[in-house]
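User: I'd like a quick walk through this model. Can you take my questions one at a time?
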Amino acid sequence: MKKILITFPDFDQYKSRIEELCSGRWQVVQLEEKCSEREFREKISDAEILFGDVPPEWLMDCKDLKWLQISWAGVGPYVDKEYIRHVRLTNASGAYGETIAEHVMGILLALARHLPDYMKNASQSVWKGCGSEWNLCGKHALILGTGDVGSHVAGLVSAFGMKVTGFCRHTRKAEKPFDRMICEEDLDDVIPTVDFICGCLPETPETIHLLNFQRLNQTKKDAILINVGRGSLIDTEGLKKLLEQGHFYGVGLDVTDPEPLPCNHPLWKFQNVIITPHVAGIGFGHYTKTRKYIWEISLENLRRYRNGEMLLNLVDYQRGY
């Protein structure tokens, strides 16, 4: 009997459902999330299915593996590895929209209301205003990426009274919470007109430096820029130059290029830049609902795999997502 190997945490909460789905078909084998490579290789040799986020090189000799379910939305470490392209790869897209969108709003409101400055003043017992605020209501937002994360961000900023334009691969009819949809051919015309830009895109050849220096320089000088997709979306050197010139009301980066951001990197020094260490969409070990969503997607996929149905979130290796 072939095996399903599971390294996801919270296994005990879902054990009975897993065993019911696998009964008579696969032997269920659990490994600790932080198992060693040696332990993993001992167990994976005759596994048909893996629920786990292991380094891709650990899968180099897994000839019997047919399907890999990961808990991340991003699939960058896997898509360019030829030795796993025989494996069906599914991600957990759909699990992270709520928590990432809330992270975006936290950064956006903090920048708009000078909260980092007020926190700094408070730490020094200084009672002083920090100047006029950046109001959300009536502003125009451009959301780069209109999938799960982008749609949730659009919904929240729309609720604050912002007009929302979505950027996607192919132009399609706008549906709420988006007021308009554009693709790359329209981007240069739209960027100078928006007040808030939020990056929610995966990394593909087309998205690397989509926000190059030229496009960043086209933005309004008092615009706010937040990126929660992949750091490569933004030309980091170009962003630094513009910040040095006083461009941007504020910038929020949960992802950076390079990542992790070196401790001596110039981006750390800007008072109007909030940097978080790629935590907006962390699932296991963080937000309880996100962990539940990951498991529900994975178990629904297990049911579909057993029944020979189309899997959710099946990754296209060519497109990179």
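Predicted model: local features only at pLDDT ≥ 70, side-chain atom pairs only at ≥ 80, totals over all residues.

User: How many residues are in the largest nonpolar core?
Analyst: That core has 53 residues, and Ile143 and Phe196 have the most contacts inside it. A nonpolar core is a set of buried Ala, Val, Leu, Ile, Met, Phe, Trp, Tyr and Cys residues joined through side-chain atoms within 4.5 Å. Buried means under 20% relative accessible area, exposed over 50%, partly exposed in between (1.4 Å probe, protein chains only).

User: Which helix gives the largest share of this core?
Analyst: Helix α4 (residues 97-112), with 9 residues. Helices (H or I, at least four residues) and strands (E, at least two) are DSSP runs, numbered from the N terminus.

User: And what does Phe196 touch?
Analyst: Beyond four places in sequence, its contacts include Val104, Leu108, Trp134, Ile143 and Met162. Contact means heavy atoms within 4.5 Å.

User: What about a second core? Which residues does that include?
Analyst: The second core is separate and has 28 residues, among them Ile234, Leu243, Phe248 and Leu267.

User: Switching topic. Is Arg215 buried or exposed?
Analyst: Arg215 counts as buried because its relative accessibility is 10%. Arg215 lies in helix α8 (residues 213-218). Its side chain makes a polar contact with the side chain of Asp188 at 2.8 Å. A polar contact is a pair of N or O atoms within 3.5 Å; within protein, one must be able to donate a hydrogen and the other to accept it, and residues adjacent in sequence count only if both atoms are side-chain atoms.

User: Which peptide bonds are cis?
Analyst: Lys176 to Pro177 is cis, with omega near 10°. Pro177 sits in the loop between β7 (163-167) and β8 (180-182). Glu259 and Pro260 are also joined by a cis bond, with omega about 0°. Pro260 is in the loop between β11 (250-253) and β12 (273-275).

User: Where is Asp10, and what is its phi?
Analyst: Asp10 is in the loop between β1 (3-6) and α1 (11-22). Its phi is positive, near 65°. Asp10 counts as buried, at 18% relative accessibility.

User: And His278?
Analyst: Phi of His278 is also positive, near 55°. His278 is partly exposed, with a relative accessible area of 29%.

How values were computed. Residues numbered from 1 in each chain as written. Heavy atoms only, no water.
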